[in-house]
Each structure stands twice: as structure tokens, then as C-alpha cells.
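Please keep the sequence and the coordinates at hand while reading.

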Amino acid sequence: AMEQLGVPYVWGGASPSGGFDCSGLASYAYAQVGKSVPHYTVSIWNAFPKIPAGQLAAGDLVFFRNLGHMGIYIGGGQYIHAPQPGDVVRIASNMGMWQAACRY
């Protein structure tokens, strides 16, 4: 995922050349290490075990806005995500806003 920093947000996007949306970034990043992650936040949420708040680890998937947005936790209170139209894949630290997490 870190290799995709700066790639533009594109709704439905799931590739460096076509851009990324939040779940597309997770799906692409995990595919690079041979793991399958669906390209839809609710499907991702339903597919993997949930993580209690105090047990986040790098690589966990964190969710915001009632599963309307997600990112990949990278540790140190930060996550990488494709935030919104007009923005790019970037690192954020507003972890106080996260609502839930799951682990592949």
C-alpha cells in the first residue's frame, strides 16, 4: 500500500494506473502478497475476524463512517487510505474517528 502513496482517488478504482478508492486500495495491496480481499467495505467487514480496540496491529483494516470508508492500519496511530475524490492515497493519523477493525 505504501508504494501507492500519491495515486489519485478514483471511485471504484483498484489499480495504480486507474486510481484507487478505499476498498480498492486494500484489495490491491493484499493481492500483492497473495491474499484475497473483496473490493467493497461491507464485504471486507463480513469476511474477516473483528479486532478489539486495544489490539490493532499493522495490516489490520480499520473502518470509518459506519463502514462507508476504510484504511489499512500501519501502526503508531496511523493508517493509509484513499480518502475522497480530488485527493490521493495518503497516510492519516485521525484514528480517533475509527469505529471498527478486522484482521485478515
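## Basis

This is a predicted model, in which local features need pLDDT of at least 70 and side-chain atom pairs count only at pLDDT 80 or more, while totals for chains, interfaces and linings use all residues. Residues are numbered from 1 along each chain as its sequence is written, and side-chain values use heavy atoms, with hydrogens and water left out.

## The sheet

Five strands form an open sheet in the order β6-β5-β4-β3-β7, with antiparallel pairing. Strands here are DSSP runs of E with at least two residues, helices are runs of H or I with at least four, and both are numbered from the N terminus. Two strands pair if DSSP finds at least two bridges between them. At the edges are β6 (90-92) and β7 (100-102), each of which pairs on one side only. From one strand to the next the twist averages 35°.

Helix α1 (residues 22-31) lies across β3, β4 and β5 (78-81), at about 45° to β4. Axes are lines fitted to C-alpha atoms, for helices over the stretch in contact (heavy atoms within 4.5 Å); angles run from 0 to 180 degrees between N-to-C directions.

## Strand β3 and its partners

Four bridges link β3 (residues 61-64) to β4 (residues 69-75) in the antiparallel sense. The two strands form a hairpin with four residues between them, and R65 in the turn has a positive phi of about 50°. Across this pairing, L61 stands opposite I72 and V62 stands opposite G71. On β7, which runs antiparallel to β3, the pairing has three bridges, and F63 stands opposite A100.

Which residues of β3 point one way, and which the other way? L61 and F63 point one way, V62 and F64 the other way, and all are buried. Buried means under 20% relative accessible area, with a 1.4 Å probe and protein chains only.

## D60

D60 lies in the loop between α2 (41-47) and β3. Why does D60 count as buried? D60 counts as buried because its relative accessibility is 1%.

The D60 side chain reaches the backbone nitrogen of A57 at 2.8 Å. Leaving out residues up to four places away in sequence, D60 touches Y30, I51, Q55, G71, I72, Y73, C102 and R103. Of these residues, G71 stands opposite V62 and I72 stands opposite L61.

Methods:
Buried means under 20% relative accessible area, exposed over 50%, partly exposed in between (1.4 Å probe, protein chains only). A polar contact is a pair of N or O atoms within 3.5 Å; within protein, one must be able to donate a hydrogen and the other to accept it, and residues adjacent in sequence count only if both atoms are side-chain atoms.
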